[in-house]
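User: Please take a close look at the charged side chains in this model. I would like one connected account of how they pair and where they sit.

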Amino acid sequence: MAYTWDNRVKYVVRYMYDIDNNGFLDKNDFECLAVRNTLIEGRGEFNEAAYANNQKVMSNLWNEIAELADFNKDGEVTIDEFKKAVQNVCVGKAFATFPTAFKSFIANQFKSVDVNGDGLVGVDEYRLDCISRSAFSNIKEIDDAYNKLCTEDDKKAGGISLTRYQDLYAQFISNPDESCNAVYLFGPLKVVQ
């Protein structure tokens, strides 16, 4: 159940966008994401120029999500509305065809995971990303997920590149197949309630 398409999309809403944990998406979540991403990218340092860029990216993302998913125009996007929008614009599609704001968010997400800025997400950065969203009692669980996620080419390169991350993220939300390795992009998943 943890790796079904339905649960993966719920996971994205709950752990990637719903920063204030109120159960739905709204403009406040994306304002908070701009601050969060700025601090993560700066490793705790707050850079005004980076913040301005993140504000623009997150504002555009919220506007696009609201346009695509706020079907009743109440300023909030529920999990069901988000799932319907993802089905409409992402399922069965490659990263290149995703809406612009989704692509920008994914690129920014990569930057926040690539803590050392070397252009690759290694196992150490993957571990940090996983524990920022979920609790684990054993590191082996996280490492096993990373090993299932990575191809031999990823391992030879020393980690997951931006292009590969974009493809994996696209598969995570667009591919209903539970056996694709992209289901491990955010670590071992739990069922989202």
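Analyst: The count of salt bridges comes to 10. The model is predicted, and the pairs below should be read as such.

Start with Asp6. Its side chain meets that of Lys10 in a salt bridge, at 3.5 Å from N to O. Asp6 and Lys10 are four residues apart in helix H1, so about one helical turn separates them.

How exposed are the two ends of that link? Asp6 counts as partly exposed because its relative accessibility is 29%. Lys83 counts as buried, because its relative accessibility is 13%. The cut-off for buried is under 20% relative accessible area.

Now a pair elsewhere in the chain. Asp129 and Arg133 meet through their side chains in a salt bridge, 2.9 Å from N to O. Asp129 counts as buried because its relative accessibility is 10%. Arg133 counts as buried too, because its relative accessibility is 10%. Back at Asp6, salt bridges that share partners join Asp6, Lys10, Asp80 and Lys83 into one network.

Helix H4 gives Lys83 its setting. The buried residues in H4 are Glu81, Phe82, Lys83, Ala85, Val86 and Val89. These buried residues of H4 pack against H1, H3, helix H5 (100-113) and helix H9 (162-174).

Which charged residue is buried yet has no salt bridge? That residue is Arg8. Arg8 is found in helix H1 (residues 5-17). For Arg8, the nearest side chain of opposite charge is Glu178, 6.3 Å away. Arg8 does have a polar neighbour. A polar atom of the Arg8 side chain lies 2.9 Å from the backbone oxygen of Phe172. Leaving aside neighbours within four places in sequence, Arg8 is in contact with Tyr3, Gln171, Phe172, Asn175, Pro176, Asp177, Glu178, Val183 and Leu189. Both Phe172 and Glu178 are on that contact list.

Lys56 lies in helix H3. Lys56 counts as exposed because its relative accessibility is 55%. For a sense of scale, the C-alpha atoms of Lys56 and Ala157 are separated by 32 Å, and the two residues are 101 apart along the chain.

One last stop is the nonpolar surface. Val35, Leu39 and Phe46 form a nonpolar patch there, with about 210 Å² of accessible area together. Phe46 is found in the loop between helix H2 (27-41) and helix H3 (48-69). Phe46 counts as partly exposed because its relative accessibility is 36%.

Conventions. Residues numbered from 1 in each chain as written. Predicted model: local features only at pLDDT ≥ 70, side-chain atom pairs only at ≥ 80, totals over all residues. Heavy atoms only, no water. Patch = residues over 30% accessible without salt bridge, like charges linked within 9 Å, V, L, I, M, F, W, Y side chains within 5 Å. Areas by Shrake-Rupley, 256 points an atom, 1.4 Å probe, with all protein chains shown as cover. Salt bridge = Lys/Arg side-chain N within 4 Å of Asp/Glu carboxyl O. Helix = DSSP H or I, 4+ residues; strand = E, 2+ residues; numbered from the N terminus. Buried < 20%, exposed > 50% of the residue type's maximum accessible area, 1.4 Å probe, protein only. Lys, Arg positive; Asp, Glu negative; His and termini not counted. Polar contact = N/O pair within 3.5 Å; in protein donor to acceptor, adjacent residues only side chain to side chain. Contact = heavy atoms within 4.5 Å.
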